[in-house]
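Here is a short report for a first look at this model. Start with the view below, then read on.

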Amino acid sequence: MKTKHTMGKSIEITDANFEEIIKSDQPILVDFWAEWCGPCKMIGPVVEELAGDYDGKAVIGKVDVDANPAVAQAFGIRSIPTLLFFKGGEIVDKQVGAVPKAVLAQKLDAQL
């Protein structure tokens, strides 16, 4: 049985730490997901791979929308997975739905 703590290097983002995390100087990718969401489970491993690939260059984090409704509501997240790209505390790009790793990597590269 897998535990939830088998995440690679992605950061668990919560309602409590969100503001602090998006102040990072580095580009940030935030994956809004939920345990019950099929496409979220498909893109989850991709997000983990990106966390490893971009270690030291970008911040990769995940928000469980069920556990952290305030952050999800603040950004009007209605469909998951939704991936938001931040730079300088501002949203600079967005991806809704599961996509290939290359698509997300390209969006991250554009912010580096």
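Is Asn 68 buried or exposed?

## Asn 68

The model is predicted. In it, Asn 68 has a relative accessible area of 7%. That is under 20%, so Asn 68 counts as buried.

Asn 68 sits in the loop that runs between strand S3 (59-64) and helix H3 (69-74). Leaving out residues up to four places away in sequence, Asn 68 touches Ile 13, Thr 14, Asp 15 and Val 63.

## The sheet

Five strands make up an open sheet with mixed pairing. Their order is S1-S3-S2-S4-S5. Strand S1 (11-13) and strand S5 (90-96) are the edge strands, and each pairs on one side only. On average, neighbouring strands are turned by 25 degrees against each other, direction ignored.

S2 and S4 run antiparallel and are joined by five bridges. Here Leu 29 stands opposite Phe 85 in S4.

## Helices on the sheet

Helix H2 (residues 38-53) packs on the sheet and touches S2, S3 and S4. Its direction makes about 155 degrees with that of S3.

Helix H4 (residues 101-109) also packs on the sheet, touching S2, S3, S4 and S5. The direction of H4 makes about 170 degrees with that of S5.

## Nonpolar cores

The largest nonpolar core has 20 residues. Phe 18, Val 30, Phe 32, Ile 80 and Phe 86 touch the most other members. Helix H1 (18-21), strand S2 (28-33), S3, H3 and strand S4 (82-87) each supply at least two residues. S2 gives the most, with four.

Technical notes:
Residues are numbered from 1 along each chain as its sequence is written. This is a predicted model: local features need pLDDT of at least 70, side-chain atom pairs count only at pLDDT 80 or more; totals for chains, interfaces and linings use all residues. Side-chain values use heavy atoms; hydrogens and water are left out. Buried means under 20% relative accessible area, exposed over 50%, partly exposed in between (1.4 Å probe, protein chains only). Contact means heavy atoms within 4.5 Å. A nonpolar core is a set of buried Ala, Val, Leu, Ile, Met, Phe, Trp, Tyr and Cys residues joined through side-chain atoms within 4.5 Å. Two strands pair if DSSP finds at least two bridges between them. Axes are lines fitted to C-alpha atoms, for helices over the stretch in contact, and angles run from 0 to 180 degrees between N-to-C directions.
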